[in-house]
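Please walk me through this model, starting with the overall fold and ending with the details of how its parts pack.

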Amino acid sequence: MISDARVPLEHQQPYGTAYEQMLEKVRYEGAYPTRERADEAVRLVLAGLGRQLTGDERVDLAACLPLEAARVLTAQIPAPQPLTGWAFVKDLASRTGASLATTRWDTGSVLSAVAAHAGPDLVTRVLHQLPAGYALLFGRAELTSAA
């Protein structure tokens, strides 16, 4: 469960259409039983990603996401030292108390939707900024050079 304060469902503001579509994509891709569960995953993963990204990539990614998603991403203060992909998943799991497998699933489901919004060029730029291990989380092969 995400640690931010919860507003009762009947008092929540309706989401924009673009965010609703993003939630539906995450819900479908992640096989989540409810839209609320997909929303939790989106908020968790985007907050974590917001702690990892800086500079133009952060700004450009926020610009192509639905407003609600961009707010979650940009509300975070970037960490002084970015985490590897696996450390990122472990950090998210420790924040929620979920298993590593569940958190890895959530991360992949959300980041594949983010990649669809961002497009291949921006995803490539984001991956170049981040340490190793994020490509698979975004649904791409992790290519390494031969030694």
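Helices here are DSSP runs of type H or I with at least four residues, numbered from the N terminus. Tyrosine 134 is found in the segment after H7, and this residue is taken up again below. The model is a predicted one.

Begin with the chain as a whole. The protein chain has seven helices and zero strands, so that reading along the sequence gives the pattern α-α-α-α-α-α-α. Of the 147 residues in the protein chain, 42% are buried. As for contacts between residues at least 6 apart in sequence, 65% join residues at least 24 apart.

Helix H4 shows how helices pack in this chain. H4 covers residues 67–74, and Glu68, Ala69, Ala70, Val72 and Leu73 in it are buried. The cover over these buried residues includes helix H1 (17–30), helix H2 (35–50) and helix H3 (55–64).

The axes of H2 and H4 come within 7 Å and cross at roughly 45°. Because of that angle, H2 counts as oblique to H4. Their crossing is right-handed. On the H2 side the contact is made by Arg43, Leu46, Ala47, Leu49 and Gly50, and on the H4 side by Ala69, Val72 and Leu73. Ala69, Val72 and Leu73 are also among the buried residues of H4.

Now return to tyrosine 134. Is this residue buried or exposed? Its relative accessibility is 1%, and buried means under 20%, so tyrosine 134 counts as buried. Leaving aside neighbours within four places in sequence, tyrosine 134 is in contact with Gln52, Leu83, Thr84, Gly85, Phe88, Leu127 and Glu142. Leucine 83 lies 51 residues away from tyrosine 134 along the chain, yet their C-alpha atoms are separated by 9.7 Å.

Another contact of tyrosine 134, Phe88, involves the two rings. A search of the whole structure finds one aromatic pair. This pair is formed by phenylalanine 88 and tyrosine 134; the ring centres are 5.4 Å apart, the planes are at 50°, and the pair is tilted. Phenylalanine 88 lies in helix H5 (residues 85–96) and tyrosine 134 in the segment after helix H7 (120–129), so the pair ties together parts that are 46 residues apart in sequence. Both phenylalanine 88 and tyrosine 134 are buried.

Definitions and conventions: Residues are numbered from 1 along each chain as its sequence is written. This is a predicted model: local features need pLDDT of at least 70, side-chain atom pairs count only at pLDDT 80 or more; totals for chains, interfaces and linings use all residues. Side-chain values use heavy atoms; hydrogens and water are left out. Rings of Phe, Tyr and Trp (its six-membered ring) pair if their centres lie within 6.5 Å; planes under 30 degrees apart count as stacked, over 60 as edge-to-face and the rest as tilted. Helices (H or I, at least four residues) and strands (E, at least two) are DSSP runs, numbered from the N terminus. Buried means under 20% relative accessible area, exposed over 50%, partly exposed in between (1.4 Å probe, protein chains only). Contact means heavy atoms within 4.5 Å. Axes are lines fitted to C-alpha atoms, for helices over the stretch in contact, and angles run from 0 to 180 degrees between N-to-C directions. Angles under 35 degrees count as roughly parallel, over 145 as roughly antiparallel, 65 to 115 as roughly perpendicular and the rest as oblique. A crossing is left-handed if the near helix is turned anticlockwise from the far one by less than a right angle, and right-handed if clockwise.
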